[in-house]
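Here are a few notes to read alongside the structure. Take them one at a time, and find each part in the viewer before moving on.

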Amino acid sequence: MLMKAQKILGMVVMLGLVAASVDAQDPELKITPETNSSETASTDSKYGDKDLLRFGNDKQYVKLGGYGSIRFSTDTAEAVKDTFTFRRFVLTTDAKIASRFRIYSELEFERFRKIELERNVEAAEGGLTIEQEIEGTNQSEIALEQAWFELEFAKYLRFQGGGVLVPIGRFNINHDDNIWNLPRRSLVDRGVPVLPTTSAWDELGFGFNGDVELGEKSALNYRIYVVNGVVLDAELEEVVKTRDPSRDELEFEGEFGISTGTFSQDIKDAKAVTGRIAYSPFLGHEIGFSGYWGRYTPDFLIGKDLTVFGFDWLSKFGNFDIEAEYVVSHFAGLDDVLTSFGEVAGQTEAEVEAEDSPDLETKIAFEPSGLSSTKHGYWVELRYHFRPDWLTNSWVGKNFSDPQLIPVVRWEQAFLRGLVTDFEVVDRTVITLEKENRRVDRITAGLAFRLNPLAVFQLAYEYTQTNDGETLASVTNYLPTEDDKNHSILFGTAFGF
Amino acid sequence: MEKKHKINFLVILILGLLAHQAAQAQTTVYLRPEQALKQLFQGSQEVIQEKHDLTSERLKKAKELLKYDLPKSSYTFYLGKTGTHVDGYALIDEQIGKVSPITFVSRISPQGKVDAVEIMVYRESHGGEVSSKRFLNQFKAKGLNDEIRLHGNIINITGATLSSQALVTGVNRALVLWKILYGNGNP
């Protein structure tokens with residue numbers, strides 16, 4: 001009986017699949033037989049002829065796009081130089097392979113100009129010579145910021161996999177530069193950061209997302225993924241110093257801190273779970289709750305978990321917007337992890353003695369980078385969309401779809417509890433472990449001139465401070481100064497295409 | 001053996017549900033023209049099509065009101081009528097979101113106010129939430145004097161600002177065309 005029911009159900013499924021493949025063909029849009037055919041032709045966008053960026057038809061296509069930002073900044077803090085920065089240039093592709101299957105990618109060039117590699121291998125001077133030269137620009141980075149596929153079963157059920165954005169808070173999932181009206185990202189998401197790693201934070205994994213309409217006014221959005229997850233990892237830094245009259249120095253420094261999970265074989269046999277649920281009771285109002293939980297230590301250290309919780313909020317009242325985000329990241333058992341690290345590493349410093357190398361000091365060192373037991377922080381941003389007639393009708397705003405002046409104020413704080421400031425291991429024993437609690441405050445007031453949703457010019461004043469007498473360099477990743485206060489003026493532009 | 005059958009049964013059931021959902025989700029055509037017109041003019045006796053080739057004077061007037069050149073010089077309105085009374089006017093039009101055109105229909109009342117806006121075909125890869133009632137209902141009862149604007153009296157869909165802007169642009173254009181062709185803005 002069961003076998004028979006199974007066969008019948010199997011046939012129903014087959015019919016369903018056949019129906020699916022028939023429906024998969026988008027019906028051609030015909031207005032009416034009498035209608036002028038030009039009525040169905042695409043109209044020109046006021047943003048330009050976008051068809052140049054699109055290849056294929058509605059069923060299969062590849063769209064090319066991108067975003068970026070450039071800015072000039074001048075600061076009062078010592079050692080922070082006035083500079084133009086090509087902050088980032090991101091190329092995006094959005095390919096629809098089949099009617100419900102798409103692949104999206106973002107390739108980021110951050111402060112990037114060039115990289116050149118020269119290598120030469122030759123037999124010379126009675127032996128083999130290998131020469132390698134790497135030429136590149138300072139602080140440059142190329143990164144695959146997102147690369148995922150998505151299979152849509154229904155609007156409320158999409159299967160997604162690949163390098164996906166970790167849905168903590170609202171900035172990380174909406175990080176395109178042209179969306180925002182201030183030229184610098186928040187402390188929580190970028191400048192400290194409170195997120196375990198800087199935004200845009202992506203991880204490799206699989207999961208689901210969807211949108212659910214709840215009646216005519218409310219809506220729900222969810223994202224949930226299983227990912228490799230962030231891990232305590234090391235970066236190798238090489239330093240060469242000439243020091244007259246002291247010995248010259250060659251140093252190899254292993255900086256260990258939290259970094260995004262690998263796109264290769266994971267170095268821990270544990271996966272992380274992350275998700276966000278956002279509820280919108282009315283259009284223009286949304287609250288989101290997000291979380292992340294997973295092991296953050298590699299397998300050669302003791303297993304400890306990272307827990308992240310986020311809350312975010314957006315409300316729009318006519319021309320006025322308020323947007324906010326709170327994130328807390330807790331690294332469980334950080335002291336135990338450092339002890340475990342000491343047992344594995346044996347020591348944090350080693351060097352060749354002076355009598356063995358009188359002219360050159362050679363040493364290796366391990367240093368923690370930005371490790372805190374708990375980090376938490378928030379930002380609140382207020383905006384007003386102002387459309388004076390003189391702007392719309394004058395040459396300044398002429399021919400733009402909806403030119404706006406947007407005064408913006410953002411207040412933000414980040415708190416670091418148990419920030420590791422000194423760590424020393426001798427003979428597999430931790431002999432020094434110093435920590436402190438720190439704080440960073442920043443207020444930004446700006447004025448944005450928005451041409452349309454894709455392009456904006458931004459002018460802003462920033463005041464940043466940390467605990468009196470402490471350095472901003474030790475708690476931020478963008479102010480390399482010993483000062484505890486900084487005033488900045490920034491002028492930038494952000495664009496999308 | 002019995003347990004194995006149960007597992008197979010469950011797998012087939014899940015596949016069936018997914019296939020059903022897939023069949024529902026794969027079209028981006030929400031309304032065909034005849035469906036849209038039937039929906040918008042439910043109470044009318046007939047729908048009459050009127051094609052307008054715009055004169056240079058009308059094109060100039062449209063530019064003056066819209067502050068940009070109309071993308072086409074010919075537009076077709078559909079008039080829902082009961083006897084000699086015009087119940088409403090509908091315009092099927094398109095406006096590019098980010099990359100692809102969004103096809104939509106606007107119904108305008110004899111008083112020049114928006115009665116309804118419906119998305120007919122959505123072709124962008126994301127941002128389809130603009131087809132939701134909670135977004136489209138914002139246009140209802142608004143006329144040219146209301147200055148329909150994003151971030152003003154129209155709230156955008158987060159993450160779909162370009163599609164939201166496209167609808168604002170498109171509905172404004174429909175109101176301007178109605179004013180020129182049927183309202184007191186007829187030059």
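Predicted model: local features only at pLDDT ≥ 70, side-chain atom pairs only at ≥ 80, totals over all residues.

1. What share of the contacts between residues at least 6 apart in sequence joins residues at least 24 apart? In chain A, that share is 63%.

2. **Strands and helices.** As you trace chain A, you will pass through four helices and 23 strands. Most of the points below concern the strands and how they pair. As a reminder, strands of a sheet pair through backbone hydrogen bonds, either parallel or antiparallel.

3. **Confidence.** Chain A has a mean pLDDT of 87, with 88% of its residues at 70 or more. Which elements of chain A have the lowest and the highest mean pLDDT? The lowest belongs to helix α1 (residues 2-23), at 45, and the highest to β19(A), at 98. Please be careful with residues 9-54 of chain A, where the pLDDT is below 50. Beyond near neighbours in sequence, this stretch still has 80 contacts in the model.

4. **A hairpin and its next partner.** Now find strand β15 (residues 305-317) and strand β16 (residues 320-331) of chain A, which pair in the antiparallel sense over 12 bridges. One pair to look for is A:D312 with its bridge partner A:E325 in β16(A). The two strands form a hairpin with two residues between them. In the turn, A:G318 has a positive phi of about 65°. β16(A) also runs antiparallel to strand β19 (residues 372-384) of chain A, joined to it by 11 bridges. Here A:A324 stands opposite A:V380 in β19(A).

5. **Another hairpin.** Strand β7 (residues 141-154) and strand β8 (residues 157-165) of chain A are antiparallel partners over seven bridges, and a hairpin joins them through two residues. Look for A:F149, which stands opposite A:G161 in β8(A). β8(A) pairs with strand β9 (residues 202-214) of chain A as well, in the antiparallel sense over eight bridges. In that pairing, A:V164 faces A:E203 in β9(A).

6. **An open sheet.** Four strands of chain A form an open sheet in the order β11-β12-β18-β17, with mixed pairing. For β17(A), the pairing with strand β18 (residues 360-368) of chain A is antiparallel over three bridges, and A:E351 stands opposite A:K363 in β18(A).

7. **The nonpolar cores.** Which residues have the most contacts inside the largest nonpolar core? They are A:V188, A:V192, A:Y296 and A:A414, in a core of 48 residues. Strand β20 (residues 404-426) of chain A gives the most to this core, with six residues. A second, separate core has 45 residues, among them B:L40, B:A62, B:I157 and B:W178.

Terms used: Residues numbered from 1 in each chain as written. Chains lettered and ligands numbered in written order. Contact = placed C-beta atoms within 7 Å. Pairing = 2+ DSSP bridges. pLDDT = per-residue confidence, 0-100. Core = buried A, V, L, I, M, F, W, Y, C linked by C-beta atoms within 7 Å. Buried ≥ 20, exposed ≤ 12 C-beta atoms within 10 Å, placed from the backbone.
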